[in-house]
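Subject: Model handover and notes

Hi,

Here is the structure for you to look at. My notes follow below it.

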Amino acid sequence: MSREGKRKGKEAILMPPRVAGNGLLDRRAFLTGIAKAAGVVTVAGLSSDILATAQAIETPSPAVPPWMKVPGKPFRGYGSPSKYEDQVKRTIFQPYKELAPGAGASMTPLHQLHGTITPSGLHFERHHNGVPDIDPSQHQLLIHGLVKRPLMFSVEALHRYPTMSRVYFLECSGNSFPNAAAEPPQMSCGAIHGLVSCSEWTGVPAALLLEEAGIDPKGKWVIAEAADAAAMNRSIPLEKMLDDAMIALYQNGEHLRPEQGYPVRLLLPGWEGNASVKWLRRLEVTEGPAYSREETSKYTDLMPDGKARQFTFVMGVKSVITHPSAGLHMQGPGFYEISGLAWSGSGRITRVEVSADSGKSWAEAALQEPVLSKSLVRFRIPWEWNGGPALLQSRAADDKGHVQGTRALWTAQYSTGNVYHYNAIQTWRVSPEGEITNVYL
Ligand SMILES: Nc1nc2c(c(=O)[nH]1)N[C@H]1C(S)=C(S)[C@@H](COP(=O)(O)O)O[C@H]1N2
Ligand SMILES: [Mo]
């Protein structure tokens, strides 16, 4: 059927119901629509009229583009993205650029990506002293301390153990720290919230290696130490190490990237990124924590009474709308898919709600299956933007009963100056001109 035909059929088209203020449409337009849509004039339950972004033409004549007139390029041993997408890049943050260029972070461009898996080349990076150049044939992992028999593993030996693959997010507890500032920073969604990424990790359960060494009943903590120039270390409760901790070797099907800890990293699902020690060289079973730099002077939460709270490992329930978001522009009134990411360090996301009227009314978003525990979840909801001002928000809930709170609630929990574990609701303001800005509500 021609586009004109579709337009004439307008009367027959059912509009999905409006479910909340300022143009939010029923999420089921997506979930139930596709099957029904076959051969019908609706796409995913939405009228072709409100979807219309394509151009209607009078006389169809498909022109032959130049790339159909010459043979295409041959093969490459290792691929890279299209040259037309070379603006899709991490935002780099080097606070001590001259003195220590390898200290800082780079953020995943969340507003330029879709789906849930972060391409390995766009995974966020956080290094305390750069990326070491580790020769895997020279690298070893030592397990010692309160164990029956200390063990040394070569990388080759680690690769001979049974492996498992799991999809997990990794989030720095400093993620979204720009939003802790008194005034809302005007940066892209990725620059604000992009210290979170999600990969399929493959590795050996840490429990397997620790059990092989034989844990002394006095052992309650494990000190994990790295082979980078920061010799970064963290104390991990033994319970977590025996639960779901992974000695990761692969990321998205290939060997870990150097930036993610090649050839071996610790991965602690749902816990603050800092504890997932990269370039892992030593696990020492101890009675108590080491109280290292990264768990005293850093990565502690400043409380209203001036004290610092330690070992707040679990990342809170959180979500952010990635489309539309700061860094993007609206293209005129009409239909949009609002889409974003939700995650919780405690388990599974059960619900994400979206508001287009600053939280006065909420509509439930559709969650992309499979919804995995401690993983990024993509949510979506159809929206008809009337061209007026809108304040977009998302609010996530998890299976342990945690619900993402407002910025005011988050701020009240901590002392001014705390930058860790920011998980408040993000508000994006859409102006009638189609500009998207960061606002605090
Ligand atoms: N050895 C080592 N491990 C490290 C770090 C580091 O600088 N050195 N940074 C930590 C921090 S603060 C975070 S948030 C995560 C980041 O992991 P990624 O760079 O793979 O995203 O690694 C953690 N592990
Ligand atoms: Mo971090």
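In what order do the 5 strands of the open sheet stand? The order is 9-8-17-12-13, and the pairing is mixed. Strand 9 and strand 13 (233-237) are at the edges, so one side of each has no neighbour in the sheet, as each has a single partner strand. On average, neighbouring strands of this sheet are turned by 15 degrees against each other, direction ignored.

Some ground rules. This is a predicted model, in which local features need pLDDT of at least 70 and side-chain atom pairs count only at pLDDT 80 or more, while totals for chains, interfaces and linings use all residues. Residues are numbered from 1 along each chain as its sequence is written, chains are lettered from A and ligands numbered from 1 in the order in which they are written, and side-chain values use heavy atoms, with hydrogens and water left out.

Terms for the sheet: helices (H or I, at least four residues) and strands (E, at least two) are DSSP runs, numbered from the N terminus. Two strands pair if DSSP finds at least two bridges between them. Axes are lines fitted to C-alpha atoms, for helices over the stretch in contact, and angles run from 0 to 180 degrees between N-to-C directions.

The sheet in detail

Strand 8 (residues 140-145) pairs with strand 9 in the antiparallel sense, over 4 bridges. The two form a hairpin with 5 residues between them. Leu141 stands opposite Phe153 in strand 9.

Strand 9 (residues 151-154) has alternating side chains.

Strand 12 (residues 221-226) and strand 17 run antiparallel, joined by 6 bridges. Ile223 has Glu284 in strand 17 as its bridge partner.

Helix 7 (residues 206-213) lies across strand 8, strand 9 and strand 17. It runs at about 140 degrees to strand 9.

Backbone points to check

Most residues other than glycine have a negative phi, and most peptide bonds are trans. Here are the exceptions I noted.

- Trp279 has a positive phi, near 50 degrees. It sits in the loop between strand 16 and strand 17 (280-286). Trp279 counts as buried because its relative accessibility is 2%.
- Lys374 has a positive phi of about 55 degrees. It is in the loop between strand 24 (366-367) and strand 25 (377-385). At a relative accessible area of 14%, Lys374 is buried. Its contacts (heavy atoms within 4.5 Å), not counting residues up to four places away in sequence, include Tyr168, Phe169, Lys240, Asp244 and Pro269.
- Tyr262 and Pro263 are joined by a cis peptide bond, with omega about 5 degrees. Pro263 is in the loop between strand 15 (254-255) and strand 16 (265-267).
- His323 to Pro324 is also a cis peptide bond, with omega near -5 degrees. Pro324 lies in the loop between strand 20 (318-323) and strand 21 (334-343).

One more residue

Where is Met68 found? It is in the loop between helix 4 (48-51) and strand 5 (91-93). Met68 counts as exposed, at 58% relative accessibility.

Best wishes

Notes:
Buried means under 20% relative accessible area, exposed over 50%, partly exposed in between (1.4 Å probe, protein chains only).
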